[in-house]
Amino acid sequence: MIKVQDIVYVIYRAPDLDKMANFLVDFGMYPVTRDENRMFMRGAGTYPYIHVTEKGEPGFVAVGMLAGSADELEEAARLPGSSAIEDIDAPGGGKRVRLKGPDGYRIDLVHGIAPVEKIDIRKPLAINFGWEKNRLFELQRPANESAKIVRLGHCVLKFSDGDAARKWLQDTLGMLVTDRLHVPDDPKVTLGSFMRCDRGDKPADHHTIFALHAPGDINVHHVSFEVQDPDAVQIGHYWLHGKGWKQEWGVGRHLLGSQVFDYWRSPWGHIFEHYADGDLLNASVKPGDYPATQENLAQWGPELSPRFFESVVV
Ligand SMILES: [Fe+2]
């Protein structure tokens, strides 16, 4: 059975690679390589790239998920609508199968991408808490710089049938439901499901894919990138603000997943999130079920922005 273990990359299309590069660098990614038609960006972690831009009409192309083993690619290639096992023509090589997900989403199952050395970034800050002092005789001086992206954390996709999408992610990718959100006055109607990777006893992010029920509006909602600590979220916020990019919602702390978050719009109106300090769970945790209220979206932070659920705002 396929059990995806991580999210590796997202692929978007944009008509102007220079403009996209400016945004992604201000957002905290590192350029890897590019030609006229494709541009690769990485984080400070060990994947050779986490974001790919293909030149073309603005849009979402695909998400890449890490297979649990090479054998899983064989299994994936037999699924209806799948590609054969292909060589990945990108830094680090490896193999992939392009799966046809619900609503036609392209989900790449990948294996064998060669890792790269980490990039040395500011260490997480040692914090002097009220009752517990972790930094003695040293000054706190984080640089005023872009947030430094460590890794891709999750993506949120809108589906025509949120329950069917949840079932597909469980049955086809072996993912687990962490928390379900339902319509506040009708618990039977699903608004979305936070899905995590089944890593057995090992910790996994609270969610790696969130399947949002949004009939008539099939699109990516956002992609989210982890930074080293909550200060980086806030420093990155002012950095992006200073560069004139458009903010969507934040800084706040989510309830489900607990991340300190900040959402921004790319030049083509897609949402990119910074986060830090998310929850990690193993496979034994039973699913939660919550009404989709503002309190369940954020524990603290500004009022939910009015256009937060719009996929594209330019
Ligand atoms: Fe998110």
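Trainee: Which strand pairs with β14 in the parallel sense, and over how many bridges?

Mentor: Strand β17 (residues 271–276) does, and five bridges join the two in parallel. Strands here are DSSP runs of E with at least two residues, numbered from the N terminus, and two strands pair if DSSP finds at least two bridges between them. Within β17, Y275 is the bridge partner of E226. Keep in mind that this is a predicted model, where local features need pLDDT of at least 70, side-chain atom pairs count only at pLDDT 80 or more, and totals for chains, interfaces and linings use all residues. Residues are numbered from 1 along each chain as its sequence is written, and side-chain values use heavy atoms, with hydrogens and water left out.

Trainee: How does β9 run against β14?

Mentor: Antiparallel, with seven bridges joining them. For example, L152 stands opposite F225 in β14.

Trainee: Which residues are the protein donors of the iron ion?

Mentor: Donors are N, O and S atoms within 2.8 Å of the metal (3.2 Å for Na, K and Ca); water is not among the atoms, so sites may look incomplete. Here they are H154 (NE2), H222 (NE2) and E273 (OE), 2.0 to 2.2 Å from the iron ion. H154 sits in strand β9 (residues 149–159) and H222 in strand β14 (residues 220–227), 68 residues apart, a pair linking distant parts of the chain.

Trainee: Is H154 buried or exposed?

Mentor: Buried means under 20% relative accessible area, exposed over 50%, partly exposed in between (1.4 Å probe, protein chains only). With 1%, H154 is buried. H222 is buried too, at 5%, and seven of the eight residues in β14 are buried.

How values were computed
Helices (H or I, at least four residues) and strands (E, at least two) are DSSP runs, numbered from the N terminus.
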